[in-house]
Amino acid sequence: MSMLITGIRELVTCDDTVENARGRTNADLTRGLGVVPDAAVVIGGGSEDSAPAVEWIGPADQAPAADWAIDLGGKAVLPGFVDSHAHLVFAGDRSAEFAARMTGQPYDGGGIALTMAATREAGDAELRDLLAKRVGEMRSQGTTTVEIKSGYGLDVEHEVRALRLAREVTPETTFLGAHVVPPDRRGAGGREAYLDLVCGEMLAACAPYARWVDVFCEPASAHAFDGEESRRVLEAGRDAGLELRVHGNQLGHGPGVQLAVELGAASVDHCTYLSDEDVEALAGSGTVATLLPGVEFSTRQPYPDARRLFDAGVDVALATDCNPGTCSSSSMPLMIALAVREMGMTPAEALRAATVGGARALRRDDVGRIRVGQRADLAVVDAPSVLHIPYRVGVPIVRALEV
Ligand SMILES: N=CN[C@@H](CCC(=O)O)C(=O)O
Ligand SMILES: [Zn+2]
């Protein structure tokens with residue numbers, strides 16, 4: 001079965017091989033997005049084993065026939081967002097912590113223990129329901145690929161459970177046993193013993209359910225891990241066959257970025273505090289800098305300067321980091337608006353960072369662009385141009401197209 005989609009006023013492909021159509025409204029402002037104006041797309045295939053794929057893209061007046069057709073009536077279409085950083089397997093409520101921060105309380109990672117307790121307490125069915133609700137919330141805002149981390153179980157049984165549940169909804173699962181040292185392990189020698197567990201029994205039990213290993217590398221937090229501890233976790237994960245990602249430089253300057261680059265991590269996420277050496281290291285590397293503006297919004301930390309990264313030639317992605325502590329929003333459109341308003345990105349840069357940038361951060365080339373042969377993961381904007389995404393901030397105008 002094939003489906004023809006017409007009535008696409010602006011098709012944003014994020015494909016560098018598609019030359020941005022010139023001489024039309026907003027041509028300069030959407031440069032780099034590979035725009036096809038007044039376009040049509042044909043989607044085909046799709047079975048139990050394979051996702052529907054894009055079969056044809058082009059001007060609507062040249063579109064081939066298909067088994068059935070829908071007319072979007074003049075909307076914009078773009079690749080579904082790739083949210084490459086999220087923590088969705090958790091229970092409990094930390095809205096009071098957010099409220100306290102708004103009146104000056106700093107964030108230090110200490111609240112993770114509260115979520116750990118609530119998550120361990122929750123049954124599988126409750127966690128599965130919460131997870132499904134959060135993934136649904138993301139789809140309803142245009143996200144079609146999401147990475148999900150463990151990190152609120154912090155013992156073997158509950159870390160495995162988190163990854164098993166996450167695996168039910170995405171192949172992009174990340175083992176984050178090294179999120180913080182859990183409170184019951186913080187006595188003398190407990191820290192070392194916890195790291196032994198993370199790099200030994202816990203990793204062995206979690207690896208079958210994970211693609212990635214991650215670590216909260218943050219010497220500024222007493223709860224998280226310093227450079228040497230983080231290196232140990234990442235190397236153990238790599239030896240177990242996992243690929244690497246890092247939480248780095250969130251609360252202060254630190255070794256996270258340099259370590260991620262040295263070990264060839266796919267992405268280092270947060271990058272709130274960057275030295276010139278960090279930017280230089282990222283620029284010459286295969287490591288993406290993933291910015292998480294919802295965290296700066298929700299912790300009142302300073303927004304990093306994305307311009308500095310783009311000017312240095314760093315690969316940049318945008319993600320939500322949706323989690324109960326530092327960013328409770330699952331909205332990629334909000335991240336785009338914040339990146340434009342607060343981080344110095346142009347709308348086109350932010351849209352690329354949220355699509356093809358996220359795909360790079362996950363080392364995926366089948367998502368993040370609209371291209372013949374790729375997955376038909378499309379998002380529809382209830383407006384004639386994608387520029388409306390940051391412009392109409394807070395208004396739910398983007399959704400994943402169900403095909
Ligand atoms: N920084 C570490 N982990 C999460 C926050 C976790 C929490 O506070 O619950 C983050 O990415 O910001
Ligand atoms: Zn995170």
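Aspartate 321 is in contact with His85, Ala86, Leu292, Gly294, Val295, Thr326 and Cys327 once its neighbours within four places in sequence are left aside, a contact being a pair of residues whose C-beta atoms, placed from the backbone, lie within 7 Å. This is a predicted model, in which local features need pLDDT of at least 70 and side-chain atom pairs count only at pLDDT 80 or more, while totals for chains, interfaces and linings use all residues. Residues are numbered from 1 along each chain as its sequence is written, and chains are lettered from A and ligands numbered from 1 in the order in which they are written.

- UniProt, in an unreviewed entry, lists His85, His87, His247 and Asp321 under "binding site"; UniProt positions are in the numbering used here, feature names are shortened, and annotations may be inferred rather than shown by experiment.
- These residues span 237 residues in sequence, yet no two of their C-alpha atoms are more than 12.2 Å apart, so they gather at one spot.
- Aspartate 321 lies in the loop between strand 13 and helix 11 (helices, H or I of at least four residues, and strands, E of at least two, are DSSP runs numbered from the N terminus).
- Aspartate 321 is buried, with 28 other C-beta atoms within 10 Å, where buried means 20 or more such atoms, exposed 12 or fewer, and partly exposed in between, with C-beta atoms placed from the backbone.
- Histidine 87, in the loop between strand 5 (81-83) and helix 1 (95-102), is in contact with Lys149, Gly151, Cys322 and Asn323, leaving aside its neighbours within four places in sequence.

- Tyrosine 152 is found in the loop between strand 7 (148-149) and helix 4 (156-167) and counts as buried, with 32 C-beta neighbours inside 10 Å.
- Asparagine 323 is found in the loop between strand 13 (316-318) and helix 11 (332-342), and its 25 C-beta neighbours inside 10 Å make asparagine 323 count as buried.

**Nonpolar core**

- Ile336 and Ala339 touch the most other members of the largest nonpolar core, which has 123 residues; such a core is a set of buried Ala, Val, Leu, Ile, Met, Phe, Trp, Tyr and Cys residues joined through C-beta atoms within 7 Å.
- Helix 11 gives the most to this core, with eight residues.
- Domain 1 (2-80 + 368-400) and domain 2 (81-362) both give residues to this core, so the core lies between them; the domain bounds come from an automatic or database domain assignment.

How values were computed: Two residues are in contact if their C-beta atoms, placed from the backbone, lie within 7 Å.
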